[in-house]
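Let's take a friendly walk through a protein model, one part at a time. Have the sequence and the 3D view ready, and look for each part as it comes up.

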Amino acid sequence: MKNLRPTVRAGRQISRLTAILIAAAAASTSLADEPANTNLRSFVPATISPEARAIYEKLLPVAAAHRAEAKIPHTPADFAALHDADIARTEAGALASVKARNIIVRETQLGGVNVVESTPPQYHDDHTILLHVHGGGFVLGSAKSSLGGDALMALATGRRIVSIDYTTAPRGNWRMVTDQVVAVYKSVLAQGYSAKSIGMFGDSAGGTIVPASVLKLRDQGLPMPGALVLLSPCVDLNLNGDTETTLREADPALDFALNKAFLAAYAAPEDMTNPYASPIYGDFKKGFPPVLIQAGTKELVLSDAVRLYQALKTAGGAAELDVYEGMTHVFQAYMTGTPEQHAAYAESNRWWTAHLVATTGLQ
């Protein structure tokens, strides 16, 4: 009879599983008469703020139209045309918006790399500084087109922002781009800033480039920055996490096929597990700055945020995962005036305040 116990036990487990499946089937049958939302990209949950819902109702049709018109680039000329069109559409408006908020903007160079500085009104220099790496799927955007995000962070924190105008793909790749970020960082150190007074943040592709660059500068023996904030990071260029499948048809902002083409322009397949390209493959046990990771429940790369958080915590690092109900990719930039946006920037400011140290620097 002893030999029968595992079989009996297994039989009971199968019976329980069968009961669960029967209950699930009954539930689905009872819901059969309810209308199904077949377009998950247009679904707006009732659990978000009314302000966010109103913004979604305006932006979702626009996003759908852009997706319908989007064409996957194949040649360098295709990528150049896409980049130039994006810059023409965004830069002038971003600059005007920032100046209307009394942000002082200055274009300069650090470490041989073009940067754009944003200084908020009534700025008080506490000898901390924030370096920003913009998003755009590695192929779009510029420091000037991302000034809106810089302004929001500057106003929320009272800190000066330096946005790095890295070379977008395919003209630039992961080697070049991380070198450019490291060069800017070294130049800031040379100006007299202590590493612990420097914060770095990135959104989307920038949320990939920032931790990858920190791994590189750490491995070069440079002191690491005081803290990082990553907004909707994509830390594995292979796009093979759970939500890259389960939310593929639900993310209203990101198109899987288009983004696969963008990532292929930034890194060759054989390079996509290099930590300086996909930072999830880095060794965080060698040390890493405190990291705040923000994401939304509607975004394709939510798994990347979760995986990075788990990797950092497993390695003994300081990390927080800050996930927002019903929000999509880099919602902080366009959910203007919503409780979700206010909460996200308040968390960023809390993180900087907790981890950056005011030290002797530029006056």
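This is a predicted model: local features need pLDDT of at least 70, side-chain atom pairs count only at pLDDT 80 or more; totals for chains, interfaces and linings use all residues.

Strand S6 (residues 227-231) then runs parallel to strand S7 (residues 291-296), with four bridges joining them.

You can find single bridge partners along these pairs. Leu 131 has Met 200 as its bridge partner in S5, Phe 201 has Val 229 as its partner in S6, and Leu 231 has Gln 294 as its partner in S7.

## A covered strand

How many of the six residues of S5 are buried? The count is six of six, and S5 is mostly covered. In a regular strand, the side chains alternate between the two faces of the sheet. You can follow this in S5, where Ile 198, Met 200 and Gly 202 are on one side and Gly 199, Phe 201 and Asp 203 are on the other. Both faces of S5 are covered, with these residues all buried.

His 132 has its place in strand S3. Is His 132 buried or exposed? Its relative accessibility is 2%, so His 132 counts as buried.

Leaving aside neighbours within four places in sequence, His 132 is in contact with Ser 146, Asp 150, Ile 161, Val 162, Ser 163, Ile 164, Phe 201, Gly 202 and Asp 203. Another pair to look for is His 132 and Val 229: they are 97 residues apart in sequence and 9.6 Å apart in space, C-alpha to C-alpha.

## Backbone details to look for

Most residues other than glycine have a negative phi, and most peptide bonds are trans. With that in mind, look at the cis peptide bond that joins Ala 169 and Pro 170, where omega is about 5°. Pro 170 lies in the loop between S4 and helix H5 (174-190).

Next, go to the loop between S6 and helix H7 (243-246), where Ser 232 is found. Ser 232 is not a glycine, yet its phi is positive, at about 50°. Its relative accessible area is 2%, so Ser 232 is buried. Leu 239 is also found in the loop between S6 and H7, and phi of Leu 239 is a positive value near 50°. At 6% relative accessibility, Leu 239 counts as buried.

## A cavity and a pocket

How many cavities of 30 Å³ or more are there? The count comes to one. About 100 Å³ of space lies in the largest cavity. Residues that line this cavity include Gly 137, Phe 138, Ser 204, Cys 234, Leu 239 and His 329. The lining divides into eight nonpolar, four polar and no charged residues.

The second largest pocket holds about 160 Å³ of space. Of the 17 residues that line this pocket, Asn 114, Ser 142, Ala 143, Lys 144 and Asp 165 lie nearest its centre. Helix H3 (76-100), S1 and S2 are the elements that give two or more residues to the lining of the second largest pocket. By class, this lining has five nonpolar, seven polar and five charged residues.

Terms used. Residues are numbered from 1 along each chain as its sequence is written. Side-chain values use heavy atoms; hydrogens and water are left out. On a 1 Å grid over the protein atoms alone, a cavity is a set of points where a 1.4 Å probe fits but cannot get out, and a pocket is an open set with protein on both sides within 12 Å along at least five of seven lines; lining residues have an atom within 4 Å of a point. Grid points are joined across faces, edges and corners, and a volume is the space filled by probe spheres set on the points. Ala, Val, Leu, Ile, Met, Phe, Trp, Tyr, Cys and Pro count as nonpolar, Asp, Glu, Lys and Arg as charged, and the others, Gly among them, as polar. Two strands pair if DSSP finds at least two bridges between them. Buried means under 20% relative accessible area, exposed over 50%, partly exposed in between (1.4 Å probe, protein chains only). Contact means heavy atoms within 4.5 Å.
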